[in-house]
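Hi,

Here is the structure I promised to pass on. Have a look at it first, and then read my notes below.

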Amino acid sequence: MHALLIEDDQMIAEGVVTALRQEGFAADWVSDGVAATEALRGRHFDVVLLDLGLPKRDGLDILRELRGRKDATPVIVVTARDEVRERVAGLNAGADDYLVKPFDLDELIARTRSLLRRSAGRSVPVMEHGGVRLDPVTRAVWNRDLPVVLSAKEFAVLEALLQKPGAVLSRQRLEDRIYGWDDQIGSNAVEVYIHALRRKLGSGFIRTLRGVGYCIPLEP
Ligand code: CA
């Protein structure tokens, strides 16, 4: 899962980015409203953490533009304690949740996960399909009750595909989900991870649709 943090306080930003990465997210950070707008136009994120008081362009403005072009990317608004009106305005402008500063990093991660579940239409944290189970919180995977050891990127690919079995994700979309801006992307990296996942979970578990992308078939 790829998170974008929009925050002008460097201390907060470094803490959040570190925590997200420790929890297996690809996480990127921009510190002003103009850079945020460019980032959001440039690629797909699974979740956005948005501070409202930003240099160059207000967070509410950024959110309104995003929703104005029917972009449904989940957004958590982050504001200071006394800014109730701002939080309300954020929710009314299309934010999905909010967090009050100063916040606990564990709560931020938990809310982010909960929002990702809701936006995927799931209420149960553990993802399960075709005998494969994945727990995003403990980062454990089982294949027919046997534990499976995955690399961080293999896990990220599997998590993205398990969000919605039957849905096809292009290679580009998978790359967007698993890599941050600073990651080196090998030219056939996604194929390599898919290959490893098939070896560990069964050759039919992930289907390739030539020229389109990958999916976990609803019927094996
Ligand atoms: Ca701020």
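**What I found**

The model has an open sheet of four strands, ordered β6-β7-β8-β9, with antiparallel pairing. Because β6 (127-129) and β9 (146-148) sit at the edges with a single partner strand each, one side of each has no neighbour in the sheet. From one strand to the next, the twist averages 25°.

Before going on, some ground rules: this is a predicted model, so to speak of local features needs pLDDT of at least 70 and side-chain atom pairs count only at pLDDT 80 or more, while totals for chains, interfaces and linings use all residues. Residues are numbered from 1 along each chain as its sequence is written, and side-chain values use heavy atoms, with hydrogens and water left out. Helices (H or I, at least four residues) and strands (E, at least two) are DSSP runs numbered from the N terminus, and two strands pair if DSSP finds at least two bridges between them.

Back to the sheet: β8 (residues 140-143) pairs with β9 over three bridges, in the antiparallel sense. One of the bridge partners to look at is L146 in β9, which goes with N143. Helix α6 (residues 152-162) packs on the sheet and touches β6, β7 (132-135) and β8; contact means heavy atoms within 4.5 Å. The direction of α6 makes about 105° with that of β7 (axes are lines fitted to C-alpha atoms, for helices over the stretch in contact, and angles run from 0 to 180 degrees between N-to-C directions).

Elsewhere, β4 (residues 75-80) and β5 run parallel and are joined by five bridges. V77 has Y98 in β5 as its bridge partner. Strand β5 (residues 97-101) is mostly covered, with four of its five residues buried (buried is under 20% relative accessible area, exposed over 50%, partly exposed in between, with a 1.4 Å probe and protein chains only).

E175 is worth a click too: it lies in helix α7 (residues 171-178) and is buried, at a relative accessible area of 11%. Setting aside neighbours within four places in sequence, E175 is in contact with R43, I185 and V190.

Cheers
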